[in-house]
Amino acid sequence: MPSPDRSDGRTHADAVRLSALATSGGRVVQAGHDVRITEVHHHAQVPDAVVVVERVRPAAEAVGEVFVGRDTEVESVLGVLDPTHEASAMVVVSAVAGLAGIGKTALARVGAAEAVSRGWFPGGAVFIDLNGYALQPEQRVRPEQMYGPLLHALEDGAAETVAPQHQAVQYHRLLDDLAERGRSVLLVLDNASTSEQIAALLPRSRRHRVLITSRHTLAVRGSRTLDLRTLAGADSLRLVRQQLEQLSAWDSRVHDDRAGLVRLCDLCGHLPLALHIATALLAGAPGLGPGELADDLERAHSRLDVLDDGERAVRAAFDLSYHRLPPGPARLFRLLPLNPGPHFGIETAALLLGLAGPEARPLLHELGRAHMIEHVGAGAWRQHDLIRDYAIELMARNGDDQHQPAERLLDHYAVKAAAAAQVLDSARAPDSPAVQDALAWFDREQPNLQAAVGVGVTFDDVDAALRILEGFVQLHRHRGQTAELGETARRIADVASASSDADSTLWSLAGRAWELGAQVSGAEPATAAELLLDLDVDALQWTLENDLGAAHDELTELWRTAQQVSSGPAGAEPLAVVPLLHELAGTASAADLDQFLVTEPLKDALRLARLHGDALLEAHTHLVKARHWVRRERVVAVLDRIEAALEPLERSAGAERSRREQVCRVLTAIAFDTANTVVSLRRQLRAPAEHLARAQRLSLTAWRLLDSPEHVAATLSRFAELRHKSGHYQPAVHLYQEAISVYRGVHRRRDLARTHVNLSAAHTALHHHHLAADEARRAAELFAADLDLPGVSRAKTLLTYSLLAIGDVSEALDVATEAKEAAVDAGDEEGQVSAGVALALALKEYGLGQDARSEARGAVRISARVGRELHWPTRARLREAGLL
């Protein structure tokens, strides 16, 4: 099979290959006029290496795929191949970041064909694929395997009387003789992985030329390195258009949908291999438009899943490069996607690996030499989008720890941002070197810092994300950028509000205070903006922990400032004060301060919301009060406030849907917290069942007001799980069944499958084993249709227990085996433990005690790797079953 890096479009006849193994001689078979193949025999059972020598055809006769956008590079290659050029004897063509699929082979073929057309190589021009990145070393062509085929290609019969051990000498004699006769030779050595693979083949005469392609930067004598970059946007469009016209004449799709074509090229990363595959997919599906294929790429779990036309695959090309990496660089390659921004350097690599900078430097440089990353400036590197997707796949497949490397990197950015912000907040002169250095650092690192905030939220390191954003607040305040300051403050409040961390409450308060301060900055009285912008999170945190009286005074002053802003011409939007009032009340409630500081700010908020006709802010104000009563376990008061919020929610029908959904999410979360409180206090409450039913009804009513059946189903499922976990299995069954009915109507297959799993478990708890088996089967089918292997394993593990309870041991054994296979294929170790336990029990019931004990020991070994939380229950379960 041709290297996945190719885009040369050779026909089947051109690509005929036979095996060439070992170093011993063998007969030469001629395949057509232009391809010579050596068939060599070896007794060892190893994969075949292949030696194929092709004569290079003139450009007018060569057949290949569309080749565009490389005029400068072709001229550079020809400049070195030109017989009048004396500076160098060869050129190495390699990709930006050594990226497989960048078009190295295509460039080499086009350049060589043009050189032959100009009559530069009367002694012959040949092309050899060295297969240097084959996964098995035996499949990589070695120099000693090439002498015979090259002798035959350059002069008929030249190798027939030469013993294999003398072919190298004869090869160089022939090249020297051709040089003396003025008959220059061109060797195109494609797909070389090491200098050793090609060094012995290099001619001794400068009259000959060698053109090499590699995914590595090779140290070869006399070479000039040319790094290829991805195609420009216009060239990508041209490639797809011309290639599709070649494959499907009169096809107008790429002309009819230019916007879709642009998006498709962007999603292919302007990588030639990816573009050729996308074009082949379009040609094979006449009804598929470029925009629709782009949609498929955007929706795919990985773009690499889509970029496979059955003959070529981007993922396969990347595999060959990755498997050549030593363990250290390979681990760094897998972790690099954790870097939040577009660029990274040695410091980033060191933080990801937990090493010192000098230890990380050679690992990063090895990735650069292998062209798995691209050098973009002094100390700065980047990953191509598609290779980043590939690295993310590998990270998941290898089970690399992501949290610790991400935390080290985020903490680094947070500390640096805080230090730079402290410099800007100091009394130093604006033009002092320290201030200028801090400003320059923010400007240089801004893309990484902004991206780091998102990574912090993803990895639940909200404190680091908030510290970074706080640094931007100081930056914008220093520069007088009030609009940017207000936007950053709003983002702080949003990030903090979405966090479950108790410490985030003060950040929400600070964010709203800074946001309001930015709005009134420059307005009178100036003291209002200063007080709002000077709020210090750490100082207020200390005060709340050590001096509640002082904290009460500080929050009261903040409330009075908010009242002052809302009642005077301070430049703020009429309702801008309300979010701050909400956070004030929430902070006072969480700190258990005087209830006056809870109720009075909320009265102000309610008055302002009603005065200015914002029904959603009115509803949210009721929910802030409801949250206050949740903290005090006042169940009836909570439910009353939720019910009060429904009326303005219903009046908000014309408001922006995203705002209405946010209010519903808050309402549902409070209702569910209240339901949990009811379950925990059920022995102390009157009519706990009525409270549960009321919390459920209020949540469902909110989502039905928004006509959102998927949220209705999710709410039914959550309350079913609550009933299930609290031991109320029959009510749980009814709620699961109702959720399933709604999920079917909105085509949420994965949610539907999960609910079937839960329903199966509820039936099992009721000893309804036949019903449990039916639900588990439905879940397994749904997970399989969604290609969710962990889900398949989970459902079939559950089905195994139901079948054992029914007494169908034979089917239980088959299903447990399938469950374990699915978990293994998914790389899901927890699933392997669960399925392994079920399989061990099925084997025991089937009478295969020795196999059962072996399976049990395997499950225990895997559980030990996963962690103690799984290990000890697994051991206990298997010991109880007599299998340990």
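Trainee: So a salt bridge is a side-chain nitrogen of Lys or Arg within 4 Å of a carboxyl oxygen of Asp or Glu. How many salt bridges does this rule count here?

Mentor: The count comes to 41 salt bridges. Before we go on, this is a predicted model, where local features need pLDDT of at least 70 and side-chain atom pairs count only at pLDDT 80 or more, while totals for chains, interfaces and linings use all residues. Residues are numbered from 1 along each chain as its sequence is written, and side-chain values use heavy atoms, with hydrogens and water left out.

Trainee: Fine. Which residue does R694 form a salt bridge with?

Mentor: R694 pairs with D640, and their closest N and O atoms are 2.9 Å apart. R694 lies in helix 30 (residues 688-705) and D640 in helix 28 (residues 635-651), so the bridge ties together parts that are 54 residues apart in sequence. Helices (H or I, at least four residues) and strands (E, at least two) are DSSP runs, numbered from the N terminus.

Trainee: Is R694 buried or exposed?

Mentor: R694 is buried, at a relative accessible area of 19%. Buried means under 20% relative accessible area, exposed means over 50%, and partly exposed is in between (1.4 Å probe, protein chains only). The areas themselves come from the Shrake-Rupley method.

Trainee: What else is in helix 30?

Mentor: Q696 has its place there. Q696 is buried, with a relative accessible area of 14%. The C-alpha atoms of Q696 and A675 are separated by 8.0 Å, and these two residues are 21 apart along the chain.

Trainee: Back to the bridges. What does D786 pair with?

Mentor: D786 forms a salt bridge with R750, with 2.8 Å between the closest N and O atoms. D786 sits in the loop between helix 34 (769-785) and helix 35 (789-806), and R750 sits in helix 33 (residues 749-765), so parts 36 residues apart in sequence are tied together. D786 is partly exposed at 24% relative accessibility, and R750 is partly exposed at 34%.

Trainee: And where is the partner of E855?

Mentor: E855 meets K820 in a salt bridge of 2.5 Å, N to O. The pair links distant parts of the chain, with E855 in helix 38 (residues 849-866) and K820 in helix 36 (residues 809-826), 35 residues apart. E855 counts as buried at 14% relative accessibility, whereas K820 is partly exposed at 23%.

Trainee: Which residues are joined into one network by shared partners?

Mentor: E487, R490, D494, R512 and E515 are.

Trainee: New topic. How many aromatic pairs are there?

Mentor: Six. In one of them the rings of F333 and Y390 have centres 6.2 Å apart and planes at 50°, so the pair is tilted. F333 is in helix 13 (residues 327-335) and Y390 in helix 16 (residues 385-398), 57 residues apart. Both F333 and Y390 are buried.

Trainee: What makes a pair tilted?

Mentor: Rings of Phe, Tyr and Trp (its six-membered ring) pair if their centres lie within 6.5 Å; planes under 30 degrees apart count as stacked, over 60 as edge-to-face and the rest as tilted.

Trainee: Which residues form one aromatic cluster?

Mentor: W441, F442 and F472 do. F442 is buried at 0% relative accessible area, and F472 is buried at 1%.

Trainee: What about charge on the surface? Which residues gather in the negative patch?

Mentor: D425, D536, D547, D553, E554 and E557. Patches use residues with over 30% relative accessible area and no salt bridge, joining like charges within 9 Å and nonpolar side chains (Val, Leu, Ile, Met, Phe, Trp, Tyr) within 5 Å. Asp and Glu count as negative, Lys and Arg as positive, and His and the chain ends are not counted. Each charge is placed at NZ of Lys, CZ of Arg, CG of Asp or CD of Glu.

Trainee: Where does the largest share of the patch come from?

Mentor: Helix 24 (residues 548-567) supplies it, with three residues. E557 lies in helix 24 and is partly exposed, at 45% relative accessible area.

Trainee: Last one. Where is N191 found?

Mentor: In strand 6 (residues 185-192). Phi of N191 is near 70°, a positive value in a residue other than glycine. N191 is buried, with a relative accessible area of 6%.

Notes. Areas by Shrake-Rupley, 256 points an atom, 1.4 Å probe, with all protein chains shown as cover.
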